[in-house]
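Good morning, colleagues. Please look at the structure on the screen while I describe its main features.

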Amino acid sequence: MAYRNRDWPGKLDILRQERGYQCEVEYNGHRCYTKGELEFAHIKPSGLSGRSRGQSRRYYDIKKNPECYKLMCKYHHNKFDREYWRNLQKETENETSRTSSESDEVCISE
Ligand SMILES: [Zn+2]
């Protein structure tokens with residue numbers, strides 16, 4: 001299942017620019033200085049669930065719920081994702097009636 005990340009290079013790049021092109025993670029009292037490959041990490045549940053949704057949807061979701069995302073370097077994103085999704089899985093283990101499948105629907109108004 002490969003989403004073509006290159007479909008929306010410009011849009012997500014604009015969002016990166018708005019955030020100063022820098023990893024937003026703070027540790028030991030200072031901010032990560034990485035400015036290399038930055039990705040948007042899903043830090044709170046928003047309309048979108050799952051990591052690898054289409055780029056256009058993600059773009060609108062970030063626009064709509066900027067507080068649900070954080071710009072991270074690859075390293076921090078991977079680290080964060082591992083921990084975050086592991087915890088989330090634990091929390092939702094009890095209500096696993098949800099199908100983890102293609103329920104890709106998300107309401108995008110505006
Ligand atoms: Zn970082």
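**Contacts and architecture**

Among contacts in the protein chain between residues at least 6 apart in sequence, 71% join residues at least 24 apart. The protein chain contains 3 helices and 4 strands, and along the sequence they follow the pattern α-β-β-β-α-β-α. Of its 110 residues, 14% count as buried.

Let us turn to the strands. Strand β3, residues 38-42, pairs with β4 in the antiparallel sense, over 5 bridges. Within this pairing, F40 has L71 in β4 as its bridge partner. Strand β4 is also mostly covered, with 4 of its 5 residues buried.

Next, helix α2, which spans residues 55-64. Which residues of this helix are buried? They are R58, D61 and I62. Seen down the axis of α2, these buried residues fall within an arc of 100°, so they line one face of the helix. As a general point, an α-helix has 3.6 residues a turn, so residues three or four places apart point the same way.

Finally, I come to confidence. The mean pLDDT of the protein chain is 77, and 70% of its residues reach 70 or more. Confidence is highest in strand β4, residues 69-73, at 95, and lowest in helix α3, residues 74-92, at a mean of 85. Over residues 97-110, however, pLDDT stays under 50, and for this stretch the model has 6 contacts beyond four places in sequence. Where pLDDT is low, the predicted coordinates should not be read in detail.

Thank you for your attention.

Technical notes: Residues numbered from 1 in each chain as written. Predicted model: local features only at pLDDT ≥ 70, side-chain atom pairs only at ≥ 80, totals over all residues. Buried ≥ 20, exposed ≤ 12 C-beta atoms within 10 Å, placed from the backbone. Helix = DSSP H or I, 4+ residues; strand = E, 2+ residues; numbered from the N terminus. Arc of directions from axis to C-beta. Contact = placed C-beta atoms within 7 Å. pLDDT = per-residue confidence, 0-100. Pairing = 2+ DSSP bridges.
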